Amino acid sequence: MTHESGALTTDSALKTAHDIRVPIDLHSLSVHSVELPLISKFRTAYGAMLRHRALLVRVEDRDGVVGWGETSAPDLPTFAPDTHESSWYALTKLLAPRVVGKAFDGPASVADTWAELRGYNFAKHALECAIWSIASQKRGQTLSQLWGGVRDSVKVGESFGIKDTVDELLEEIEQRLGEGYCRIKVKIAPRWDVDVMRAVAKAFPGVPLSADGNCGYQSATSGPWGELDKLGLLMIEQPLPAEALCDLANLQATLGTALCLDESASSPGITQAALRLGAARIVNIKPARIGGILASMETHDFCQSLSVPVWCGGMLETGIGRGFNLALCSLPNFTLPSDMSPAKVFYPEDLVEPTFDIRSDGTMLVPTGLGGGFPVREDRIDHYTEGTWKSD
Ligand code: OSB
Ligand code: MG
């Protein structure tokens, strides 16, 4: 990190991560399908979820170092082409054979083995995370240190699903603001948008507020956009379908409010194209959706060069996946609050212990532990596992 004429400049995050050298000799890999009950249902434009399935990847290298990664592709290919089952297929049939029993000189060389494969971003991300966890332990550096992080704590907000009533939503927001969260994100869908956002803005004046459409609207010209634009929102996340880049650009041109890419940002290349089209002014980097940690670094870097701020979204990950997300948020261009609820907001218990929590100033600490950041509770994973695959 250097200071030039008062401006904060850093090396490219991609180059920093790409250049990490550490011998990794992959001895074994297992994939665990877990199902966790949700404390309360989580509803978005895609529908309601009462339980959550995740895939956990465990890798062990010949020195006995163990790394875990997590991915949380949904049951149906609604959010992205990836699903729980397609990620299972990719991990067990496509990715494991490329890495098990092989020796590498660092995480980037492992990721190189699947560079020719299109898609399966969620699976690639989980395996890449498990490898980064091993790299962190073998180098004796935290993920944030390995990746060139510049801050010890990150600003976080909460994502609120669609509720049965506005009062229910307001009550939950009030509780979360009391816990410290510094930004509110409300899921919207046709008939749960302008009135709801107006009520939230009125009840909590001055609190940064965004809306997330989850691709639930079809038109840039008709819809709640003009009304939402009057509310001074921090951003409107993914109002139109993922591939509607030209419509997003048309909509962005009519709005004072910044649009933010989520589902559209399906790879670094598409994200860059979308920004050059003017489809948004902010990017939600979800590492699983965009293809992993290195893909996130690349996206972080060109967004920074285009003066586009980024933040990290969540997919209801447990503490295993969030450890990587928190470390990612320590990079310089993650300047907006990220979706980073502790697992306890969603689940009866976390799969790591100790886990992380929100602090009263609206921040969370970047993990200081080696590996994924938090000690994994393998006994709890066993408890929630409904299927396991192991390499020979
Ligand atoms: O669009 O950000 C989204 C959860 C599932 C699918 C899509 C999204 C979400 C969230 C969850 O908003 C936020 C979190 O995990 O903290
Ligand atoms: Mg979103």
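This is a predicted model: local features need pLDDT of at least 70, side-chain atom pairs count only at pLDDT 80 or more; totals for chains, interfaces and linings use all residues.

I looked up D212 first: at 0% relative accessibility it counts as buried. The cut-offs I use are under 20% relative accessible area for buried, over 50% for exposed and partly exposed in between, with a 1.4 Å probe and protein chains only. D262 is buried too, with a relative accessible area of 0%.

Residues are numbered from 1 along each chain as its sequence is written, chains are lettered from A and ligands numbered from 1 in the order in which they are written, and side-chain values use heavy atoms, with hydrogens and water left out.

Which residues coordinate the magnesium ion (ligand 2)? I found D212 (OD), E237 (OE) and D262 (OD), at 2.1 to 2.3 Å. Donors here are N, O and S atoms within 2.8 Å of the metal (3.2 Å for Na, K and Ca); water is not among the atoms, so sites may look incomplete. Along the chain, the donors are spaced as D-x24-E-x24-D. Helices (H or I, at least four residues) and strands (E, at least two) are DSSP runs, numbered from the N terminus.

I listed the polar contacts, meaning pairs of N or O atoms within 3.5 Å. A polar side-chain atom of N214 is 2.8 Å from an oxygen atom of ligand 1, and for D262 I read 3.1 Å, again from a polar side-chain atom to an oxygen atom of the ligand. M315 uses a backbone N or O atom, 3.4 Å from an oxygen atom of ligand 1. Taken alone, ligand 1 exposes 390 Å², and the protein buries 96% of that (Shrake-Rupley areas, 1.4 Å probe).

N214 lies in the loop between β9 and α8 (225-229), and is buried at 3% relative accessible area. Q238, also not a glycine, has a positive phi of about 35 degrees. I place Q238 in the loop between β10 (235-237) and α9 (245-254); it is buried, at 0%. Last, a cis peptide bond joins E353 and P354, with omega about -5 degrees.

Note on methods
A polar contact is a pair of N or O atoms within 3.5 Å; within protein, one must be able to donate a hydrogen and the other to accept it, and residues adjacent in sequence count only if both atoms are side-chain atoms.
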